[in-house]
Amino acid sequence: MDAMSRAPQRIVSLVPSVTETLFAFGLGTQVVGVTDYCTHPPQGVASKTRVSGTKNPNIEQIIALRPDLVVVNVEENRKPDADALRSAGIELFVSFPKTVREGLANLHELARATHSEVAARPMLDEFARVLNETERLVAGKPRVRVFCPIWKNPYMTINGDTYISNFIETCGGLNIFHERVRQFPLAAEYGEAQPLSDEKVGARDRRYPRVALAEAAALQPEVILLPDEPHLFSENDLPDFEQFPDVPAVRDGRIHIIDGKYVSWCGPRSADGLRFVRGLLGVAGM
């Protein structure tokens, strides 16, 4: 969306990462509604009206809050909910970055849309500086093979058409499932059934394939990243990987449990995330 003619005074955020960003932009007072999953900043969101989840927001409650802007994300929120809000005459800011560069550009658009460019500039400048620095540091260097599951039972990972994958590759990694697309039904993922045709799959999201750990092990990842969200990976999950002692990441002790927000939340923690993940991948800082 283009910048509004006047700064929005009542904002509802249906995207946890953007909620954190709005506060970082100095807009905490203007935020009047958030989802049940909006947890940051903890003190800032504690007093805000909760409008249920990202997939099932209470549309009537949102309308009753009289927002002049609602922030949504194509992946995290449902199109029928966005359409209902538009039909009620509410302005939407829609985000869907698939790369780190797109994420930075999207944050600039959000700053313009909310008339918060001045307050946002220090954070956005730092994000841009670290992103440029990271791209220079990894340029021309061999890529580190990375496996990054985001769920288990069944194990699920990301392909190259996702923000998380691009974040890892920006930091010098090579997503071992970059080219993999999700197959339907589940048995087809493991070669136990014929996959449905593209026609039958239709518009279903195919960017998050379900994989067997033996398949991941065969691709010989040099680093395994275990984010603590959306699945809460912990040390309890390490035995799953230790059954493959010949995998370089296992052999060399390069299985890392990480803050999932570093690789999936685009906003005020992105600069730190770039420095942290590139460090895990052996890319030295400046």
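Tutor: Let us begin with a term: two strands pair if DSSP finds at least two bridges between them, and strands (E, at least two residues) and helices (H or I, at least four) are DSSP runs numbered from the N terminus. This is a predicted model, in which local features need pLDDT of at least 70 and side-chain atom pairs count only at pLDDT 80 or more, while totals for chains, interfaces and linings use all residues. Residues are numbered from 1 along each chain as its sequence is written, and side-chain values use heavy atoms, with hydrogens and water left out.

Student: OK, in what order do the strands of the open sheet come?

Tutor: The order is β7-β6-β8-β9, four strands with parallel pairing. The edge strands, which each pair on one side only, are β7 (173–175) and β9 (255–258).

Student: And how many bridges join β8 to β9?

Tutor: There are 4 bridges between β8 (residues 223–227) and β9, and P227 is the residue that stands opposite I258 in β9.

Student: Which helix packs on that sheet?

Tutor: Helix α7 (residues 163–170) does, touching β6 (144–147), β7 and β8, and its direction makes about 150 degrees with that of β7. Such angles run from 0 to 180 degrees between N-to-C directions, with axes fitted as lines to C-alpha atoms, for helices over the stretch in contact.

Student: Switching to helices, at what angle do α5 and α6 pack?

Tutor: Helix α5 (residues 100–113) and helix α6 (residues 117–138) pack at about 170 degrees, with their axes 10 Å apart. They are therefore roughly antiparallel to each other, given that angles over 145 degrees count as roughly antiparallel, under 35 as roughly parallel, 65 to 115 as roughly perpendicular and the rest as oblique.

Student: Which residues make the contact?

Tutor: Contact means heavy atoms within 4.5 Å. Among the residues that make it are L104, L107 and H108 of α5, and L124, F127 and L131 of α6.

Student: What about the largest nonpolar core, which residues touch the most other members?

Tutor: A nonpolar core is a set of buried Ala, Val, Leu, Ile, Met, Phe, Trp, Tyr and Cys residues joined through side-chain atoms within 4.5 Å, where buried means under 20% relative accessible area, exposed over 50% and partly exposed in between, with a 1.4 Å probe and protein chains only. The largest core has 49 residues, of which L22, F25, L124, F127, F167 and L225 touch the most other members. Its largest share, 7 residues, comes from α6.

Student: How many residues of α1 are buried?

Tutor: In helix α1 (residues 16–24), 8 of the 9 residues are buried, including V18 and L22. The buried residues of α1 pack against β1 (11–13), β2 (31–34), α2 (42–45), β4 (69–73), α5 and α6.

Student: Last topic, the backbone: where are the cis peptide bonds?

Tutor: One joins N153 and P154, with omega about 0 degrees, and P154 lies in the loop between β6 and α7. Another joins E229 and P230, with omega about 5 degrees.

Student: And is R66 buried or exposed?

Tutor: R66 is exposed, with a relative accessible area of 57%, and its place is in the loop between α3 (59–64) and β4. Its phi is near 55 degrees, a positive value in a residue other than glycine. Most residues other than glycine have a negative phi.
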